[in-house]
Amino acid sequence: AAKRAGKGTFRLFTPATAEDPRARLELETGLRRALDEDEFELYFQPVVDTVTGRTVGAEALVRWNSADGIVTPLRFVPVAEETGLIVPLGAWVLEEACRQTRAWALAHPEREPLRINVNLSAVQFSRPNIVAEVADTLLRTDLPPEQLCLEITETGLMADTELTIATLRELKALGVRVAIDDFGTGYSSLSYLQRFPVDVVKVDQAFTAGLGRSQVDSEIVAAVVRLAAACGITVVAEGVETVEQRRALVDLGCPLIQGYLIARPLPAGQFEDLWLARPDGRPAGQRDQQRQP
Ligand code: C2E
Ligand code: MG
Ligand code: MG
Ligand code: MG
């Protein structure tokens, strides 16, 4: 990631754990102030149906508008997790994502309501009152539970299997959906798809990058798509950057994609414009016959 970000932003991608304690403390202090002063903002990246091209949802991704510019979550989320600041930050992200998604549904009743994906840190997920917090947020924001999908990384699900499964069941009982994020990056096993009660699996962008270049990556994606379908789980391929990757994913039967090819994560206003300019998730014939260009 550091290489791709370019020279000017290299510093922002330095793993926080590799830093000297002073720089870390500065970051921690900055994060606390940022929370107080509302310096966080949500960006939204569309999730698109591979067959119809329709935008069915979005992933909410947090950004920090600091005095030194926009800071990536790759840099501050790990520090927020280590310091516990991820709890108030994560609560803000969840509330803001639900509030915005509800506001979009009310402002555009002619559109199919968006599904919103919110990243939940393992630190948040393992807190005893997480289910009540999610339930309260849904009530406060008036968002129908089926519009919310919580993304938890594969490694985040592995800490305590029994407790994880119990929590996932409770979240599902609320009516929210759950996704395994970054699938394939941890010590994953395809059997997790059967063991954990999840609705969505997000194939990590490393595998998407290998499509058409690595036979093994293509076979892994094919296997995940097949097994997920057999388990009644839907699949999102992350990090789709090229038309070749999209074509390979269509050929493999991957139902949903997300990536720079469709759009980068966008500020709320820009995302809304893009969402309205393109066909949405409503089945063809129900509102129009428009096709993706
Ligand atoms: P993630 O949840 O796996 O999110 C996907 C990341 O891939 C995002 O990075 C997104 O901008 C990036 N991405 C999307 N399409 C492409 C593409 O085509 N090519 C490439 N190279 N990258 C693409 P971002 O926004 O920097 O977020 C990084 C990670 O930070 C996220 O990975 C997630 O683990 C974490 N994160 C972001 N927002 C939150 C949040 O609100 N809460 C928590 N707990 N973690 C968050
Ligand atoms: Mg995610
Ligand atoms: Mg991911
Ligand atoms: Mg990731």
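Modeller: We go from the chain as a whole to the metal site, and then to the ligand. Keep in mind that this is a predicted model.

Colleague: How many helices and strands does the protein chain have, and what share of its residues is buried?

Modeller: There are 13 helices and ten strands in the protein chain. Of its 293 residues, 47% are buried. The chain exposes about 14,400 Å², and 53% of that area comes from carbon and sulfur atoms.

Colleague: What do the contacts say about sequence distance?

Modeller: Take the contacts between residues at least 6 apart in sequence: 69% of them join residues at least 24 apart.

Colleague: Why does the pair Glu 151 and Asp 181 tie together separate parts of the chain?

Modeller: Glu 151 belongs to strand E5 (residues 148-153) and Asp 181 to strand E6 (residues 177-183), so the pair links parts that are 30 residues apart in sequence.

Colleague: Are these two residues buried or exposed?

Modeller: The cut-off for buried is under 20% relative accessible area. Glu 151 has 1%, so it is buried. Asp 181 has 5% and also counts as buried.

Colleague: Which residue bridges ligand 2 and the magnesium ion (ligand 3)?

Modeller: Asp 181 does, and the two ions lie 4.0 Å apart.

Colleague: And ligand 1: which residues come nearest?

Modeller: Of the 25 residues around ligand 1, the nearest are Arg 63, Asn 119, Asp 181, Glu 241 and Tyr 260. By class, the shell has ten nonpolar, seven polar and eight charged residues. Strand E2 (55-66) gives the largest share, four residues. Helix H3 (73-83), helix H4 (86-107) and E6 each supply at least two.

Colleague: Which side chains have polar atoms at 3.0 Å from ligand 1?

Modeller: Gln 45 has a polar side-chain atom 3.0 Å from a nitrogen atom of ligand 1. For Asp 182, a side-chain N or O atom is 3.0 Å from an oxygen atom of the ligand. Gln 205 has a side-chain N or O atom 3.2 Å from an oxygen atom of ligand 1. Taken alone, ligand 1 exposes 800 Å², of which the protein buries 88%.

Key
Residues are numbered from 1 along each chain as its sequence is written. Chains are lettered from A and ligands numbered from 1 in the order in which they are written. This is a predicted model: local features need pLDDT of at least 70, side-chain atom pairs count only at pLDDT 80 or more; totals for chains, interfaces and linings use all residues. Side-chain values use heavy atoms; hydrogens and water are left out. Donors are N, O and S atoms within 2.8 Å of the metal (3.2 Å for Na, K and Ca); water is not among the atoms, so sites may look incomplete. Buried means under 20% relative accessible area, exposed over 50%, partly exposed in between (1.4 Å probe, protein chains only). Contact means heavy atoms within 4.5 Å. Accessible areas come from the Shrake-Rupley method with a 1.4 Å probe; for residues, only the protein chains shown count as cover. A residue is near a molecule or strand if one of its heavy atoms lies within 4 Å of it. A polar contact is a pair of N or O atoms within 3.5 Å; within protein, one must be able to donate a hydrogen and the other to accept it, and residues adjacent in sequence count only if both atoms are side-chain atoms. Ala, Val, Leu, Ile, Met, Phe, Trp, Tyr, Cys and Pro count as nonpolar, Asp, Glu, Lys and Arg as charged, and the others, Gly among them, as polar.
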